[in-house]
Amino acid sequence: MLPKRLLVLLSGLLLSLSVFAQVPYGPIKPAPAGEILSNLKKLNVLGTVLYVAAHPDDENTLFLAYMAKGRLVRTGYMALTRGDGGQNLIGAEQGENIGVIRTQELLAARRVDGPDQFFSRAYDFGFSKSTNEAVRTWGQDKVLADVVWIIRKYQPDVIITRFPPDARAGHGHHSASGYLAEEAFKISNDPTKFPEQLAYVKPWQAKRILWNVFIPGAFMSNKKPDEAGNLIGIETGLYNPLLGKSYGEIASESRSQHKSQGFGVAPNRNARIDYLLLKGGDPVEKDPFDGVDVSWKRVKNSDAVQAQVTQLISSFKPDQPSASVPTLVQLYSALGKLDTTNNYVNVKRQEVQTLIQQCLGLWFETNPTDFAATPGETIKVSTNVVNREEFPVKLVGVHYSTGKDTTLNLPLKPNEVVQYPTSLTIPKTHTISQPYWLEKPIDKGLFQVDNQPLIGLPENPPAVAASYTVEISGQRFVYTRPVVYKSTDPVDGEIYRPFIIQPDVTANLTERVFTFSDNTPKTADLVLKAGRANVSGTLTLAAPTGWKVEPASVPFSLTYKGDEQRVTFTLAPTAQAKDGKLQATMTTSNGTFTTGLRQIAYKHIPTQTLFPPAEAKLVKLDIKVTAKNIGYIVGAGDEVPAALQQMGCKVTILGPSELNGNLSGYDAIVAGVRAYNTNPWLARYQPKLLDFVKNGGNLIVQYVTPGSSFLRNDPALPQLGPYPFSIGAERVTEEDAKMTFINPQHPLLNYPNKITDADFNGWIQERGIYFAKEWDKAYEPIFSANDQNEAPKLGSLLYATYGKGHFMYTGLVFFRELPAGVPGAYRLFANMISAASSPAASVSGSQRN
């Protein structure tokens, strides 16, 4: 059951999806005169376009910028997924955590190029080779329902897809986005389809659906029979003098927000044509909005409104924007007399209210003294409001979503900040600020979201909001903003982050996975953190049957908010122990708490706070490891070192200074995923690493992306191995694909652990990516594997001897499997790092110098 506060906020979203969907957790951005004039002109445009693709970064930011800021139509981008299955260039986050980062990067991009941002409940489960696999994994009807839901809420005149619904899209998620958009276009006006949505929205039929074709020349030579004709070109690479930028420059700035993918790009100032192909609906001749009336004629009795908008545009004074305020107030009143069931009446009323704020330079925010509070806690906040024009404005009062109202009736003098300190008590029933799509476990390929109004939103409504009522020219306006925490950094200046509601206490286990090769006990450390002052209680660790946990419980007492206490338990398996979860539970006077605390902090996005389950995985392994001293070159999104430590290895992180030293003491050196892509300096040390192999060392290179370095403007990759081999884009995406042992007697499959088919059970997401494609005969492929209906691929793991040592390249996704506690991945990797001590290794492979 949603709390009343949240229901009130969500009901507002039904009138305008932009109310909270795009509110930045930062200061109100000042609007220059050119932008204000552009927004005034937008009042005259009553058209909507919805762009649909699969992932963050799929969107054509040039086309979006042109539509939102050039054509001035209401523009939305729907990404079916949050990019959860992608790799992370800037940190170690994977899965739903990288999805949280990419959600914020998309919101940052939209604040640059202008559209609204939406999502479905689909989880990005990694690369998919077909539409059928994608929709089967997600659940076709559920994700189709989400696309229909957004169409019905956003009411687009035109729908545009980034990808075709077939193999030309190059990725099953891509083609599925085109397929689902086309299917949704056909049924969104049918009241018998997903009728439960009609409690909130009405059926809606877009005029047409088009595909934003990649390259017309290549496409036209490979078009489908039903795609003849109806191809139009739109010039999008234009310059906007009001904004002082071309749409290409705006697009590159937007694209560069995808920092976790390394997608920073230089501005494009060239001419550009975007091509659109009709996929359904009314014919198109020259423009995507052919036959769509985007004027006020689509709203009954709006002649007077049209006249007022025309007057506003013609009389606008760039050096005195406040002169437009009286007419804007009149326009706001006139809009209120029109049919408020018309979506555009409400959208334009919201735009007018924003324009009044922009013309006056009105600035308001409420800041708490801390970024977090617990249910029932009382916090101090400071509300600040300022009017920056010589125009009469009265601050009538402030309402806080916690239930507190403050009546002020203060005239706002120009450029004088009104400060109002007060205290707010968070309701005891307030929910914790967990991203709504992560409140329940992921069900295969789908986030579990039961509350229909939440579906599609990029993030939660604010934990606490402040509504400022002002009186302007006899009319009252209410501006609602999130309550946000603000601090000042001596380097970066003012920093904002969302205000959150947190539990009384959280517990973080210091390891995600605990592995046991025998019954020797291990210690499990937890860090308790107080969400409020004076919290005390009892901590217990629950383990599956067959595991011993000591002590049975530990009392804790934390005096100050933010205090931490480290607690140590001892774990030991018995002969009956089965793999399972270790779950922490904290019991206080306020109840039971079972979550950890994870903060995702990068400078380019607001700090995100998550409350995952306070648990770790327990894995009992039949494993031997002869390598003990491992040097590790960290790549992107890399948590493999922690898994090596769980195997009992000593791990030393190798940077330039360490690689300049003596490497002979390492049993193996491992390069993390994309280490050669993300560390340009690594190429300089390649000769030394190969000498390490020649002199008896063991070097393992996890996958790299082919061709030049992943990072822009970096030098090309060196020859990675002692003998030539190339890397392709081949992969095996079916995590349960059969792994055939090419030479079952090979040392890598027998020492120190006997690898069998069972070691490939329970793998997640995929088998491997970026396999070796062609290689010198000195290399031995270890496995053959393939997805269904594809030819076998041999390049998932290559092995070669060189001098006295061993070299391996692998595209197997150990970086996913080891942090997930997959037993067979541990056993195979143990063999790889132990190759130098294998009694048979010296006679395997080629002995070339």
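**Strands, sheets and helices in a predicted model**

Strand β35 (residues 668-671) pairs with β36 in the parallel sense, over three bridges. In this predicted model, Ile669 has Leu699 of β36 as its bridge partner. β36 also pairs with strand β43 (residues 805-810). That pairing is parallel too and runs over five bridges. Here Ile700 has Met808 of β43 as its bridge partner. Strands of a sheet pair through backbone hydrogen bonds, either parallel or antiparallel.

Now look at β36 itself. The strand spans residues 698-702, and five of its five residues are buried. In a regular strand the side chains alternate between the two faces of the sheet. On one side of β36 sit Asn698, Ile700 and Gln702.

Next, turn to an open sheet of seven strands. The order is β3-β2-β1-β4-β5-β9-β6, and the pairing is mixed. Which strands stand at the edges? They are β3 (116-119) and β6 (231-235). Each has a single partner strand, so one side of each is left without a neighbour in the sheet. From one strand to the next, the twist averages 30°.

Within this sheet, follow β4 and β5. Strand β4 (residues 158-161) and strand β5 (residues 208-213) run parallel, joined by four bridges. Thr161 stands opposite Trp211 in β5. Helix α8 (residues 172-187) packs on the sheet. This helix touches β1 (48-53), β4, β5 and β9 (273-281). The direction of α8 makes about 165° with that of β5. Another helix, α5, lies across β2 (74-79) and β3. α5 runs at about 155° to β3.

α5 also has a helix partner. Two packed helices are described by the angle between their axes and the distance between the axes. Helix α4 (residues 61-70) packs against helix α5 (residues 96-113) at an angle of about 45°, with the axes 9 Å apart. α4 and α5 are therefore oblique to each other. From α4, the contact uses Thr61, Leu64, Ala65, Ala68 and Lys69. From α5, it uses Arg110, Val112 and Asp113. These contact residues divide into four nonpolar, one polar and three charged.

Finally, how confident is the prediction? The protein chain averages a pLDDT of 92, and 93% of the residues score at least 70. Over residues 1-21, however, pLDDT stays under 50. The model gives that stretch 35 contacts beyond four places in sequence. Residues 708-714 also have a pLDDT below 50. This stretch has 22 contacts in the model beyond near neighbours in sequence.

Definitions and conventions: Residues are numbered from 1 along each chain as its sequence is written. This is a predicted model: local features need pLDDT of at least 70, side-chain atom pairs count only at pLDDT 80 or more; totals for chains, interfaces and linings use all residues. Side-chain values use heavy atoms; hydrogens and water are left out. Buried means under 20% relative accessible area, exposed over 50%, partly exposed in between (1.4 Å probe, protein chains only). Helices (H or I, at least four residues) and strands (E, at least two) are DSSP runs, numbered from the N terminus. Two strands pair if DSSP finds at least two bridges between them. Axes are lines fitted to C-alpha atoms, for helices over the stretch in contact, and angles run from 0 to 180 degrees between N-to-C directions. Angles under 35 degrees count as roughly parallel, over 145 as roughly antiparallel, 65 to 115 as roughly perpendicular and the rest as oblique. Contact means heavy atoms within 4.5 Å. Ala, Val, Leu, Ile, Met, Phe, Trp, Tyr, Cys and Pro count as nonpolar, Asp, Glu, Lys and Arg as charged, and the others, Gly among them, as polar. pLDDT is the predictor's confidence in each residue, from 0 to 100.
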